[in-house]
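These are my notebook entries on what I looked up in one structure. I begin with a pair of helices, then turn to a single residue and a sheet.

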Amino acid sequence: MGSSIKLFSIWDIDIRVHITFPLILLWAAFQFGTITGNLSGALFGVVAISLLFVLVTLHELGHSYAALRYGVPVKQIVLSPIGGVAQLASIPDKPLQEFVIAIAGPLVNVVIAVLMGAVVVLFGLPVTNPMAVLTGLSVGGFTLLALFSYVFVYNIFLAAFNLIPAFPLDGGRVFRALLAMRLNYVTATNIASAVGRAFAVALGIYAFFTGGIFLVLIAVFVYMAAGQEAAYVRMRSVLRGYTVQQIYSAEVHRIPPSYTIQQAFNLMAFTGQSALPVTFDEQLVGIVTRPGLLAAMRQFPPYATVDEVMLANVRPVDLTTDLYDVQQRMAEEQAEALPVTGNGRFMGLISARQVNELLRWLRATPQPTPHVQGT
Ligand SMILES: [Zn+2]
């Protein structure tokens, strides 16, 4: 993550800013400064935009909270000049889960809007539209009320904009989830993606002629992301109907629990095997992964045994498990390999490399009858 800087972390999720982020603050200082014609306007711009990114972060934490509740890891939240993104380890293909995760972000803004609205009503604040705020700034300078009005209005805009049904914006994800409750997942994604790209083109044209540079960037982003995610879903869907037993490796190096971590390291380094299953009496008792082993090497002496450092309660996949589900699990758990069992006995390993290799083959081959089913 050389292109972003960590600010802090919450729920073990790193909140990071992209290195281009200061540009938006500079832009805000310049833009607000020229509109109002004074330094106080420039300061207002920087504070207001910073607060907007607090709203964006809360919005992304809304998505993250829902994702974590479903057991989907969140890698990080990255803030960039055009907004924020919570990077989930994978997008759940269960429509209800995607629906809840997608709606959770805008819901945070709705709650904030209600709270701020209550303050407006209770204190009878004269909230005005953002343009009036700017005109006020050039006369009266930076006031807290102007800042409140600006954040109040922008927060509502944030909720409304994200709920536009343009995949992969939140509203588009809600739309796909609703479609996927009736149609198969690939068809639902294709429809949502087409609508998303049509929206992006319309937004792009509108923004181009009205001079909204950030909206143009957002339109380009939505257009590309909609296409990419649909392509990814189509690509993955070809795995349906293939099972673990078709590609797993039965001939794998396995180690006993009494092996030292130095021995495990040597074996992994010289065989290139992405994980070492630990077996005892033909039974799988754990697995040593590459990242796990490297972490253990730093923490434990080389003569420590693998039973101290292995992942003991790893869920194996069955010989008959669908590769589509295996790929989803590997993405969610960021696993390089999973142990394979059949009739309760250890059978071997299946690696992310093998799944990707199969994907490459399937994509290179024309698919007369795609292996697609509803989810
Ligand atoms: Zn969102």
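Predicted model: local features only at pLDDT ≥ 70, side-chain atom pairs only at ≥ 80, totals over all residues.

Entry 1, two helices. I noted that the crossing of H9 and H10 is left-handed. On the H9 side, the contact is made by Ile261, Ala264, Phe265 and Met268, and on the H10 side by Arg290, Leu293, Ala296 and Met297. By type, the residues of this contact comprise seven nonpolar, one charged and no polar.

I next looked up Leu203, which lies in helix H7 (residues 185-210). Is Leu203 buried or exposed? I found 21 C-beta neighbours inside 10 Å of Leu203, so this residue counts as buried. Setting aside neighbours within four places in sequence, I recorded contacts of Leu203 with Leu215 and Ala219. Leu203 and Ala219 are 16 residues apart along the chain, and 6.0 Å separates their C-alpha atoms.

Entry 3, a sheet. I traced an open sheet of three strands in the order S7-S8-S9, with mixed pairing. Which strands stand at the edges? They are S7 (317-318) and S9 (345-351); each has a single partner strand, so one side of each is left without a neighbour in the sheet. Strand S8 (residues 337-342) pairs with S9 in the antiparallel sense over six bridges. I noted also that Ala337 stands opposite Ser351 in S9.

Terms used
Residues numbered from 1 in each chain as written. Left-handed = near helix turned anticlockwise from the far one by under 90°. Helix = DSSP H or I, 4+ residues; strand = E, 2+ residues; numbered from the N terminus. Contact = placed C-beta atoms within 7 Å. Nonpolar A, V, L, I, M, F, W, Y, C, P; charged D, E, K, R; others polar. Buried ≥ 20, exposed ≤ 12 C-beta atoms within 10 Å, placed from the backbone. Pairing = 2+ DSSP bridges.
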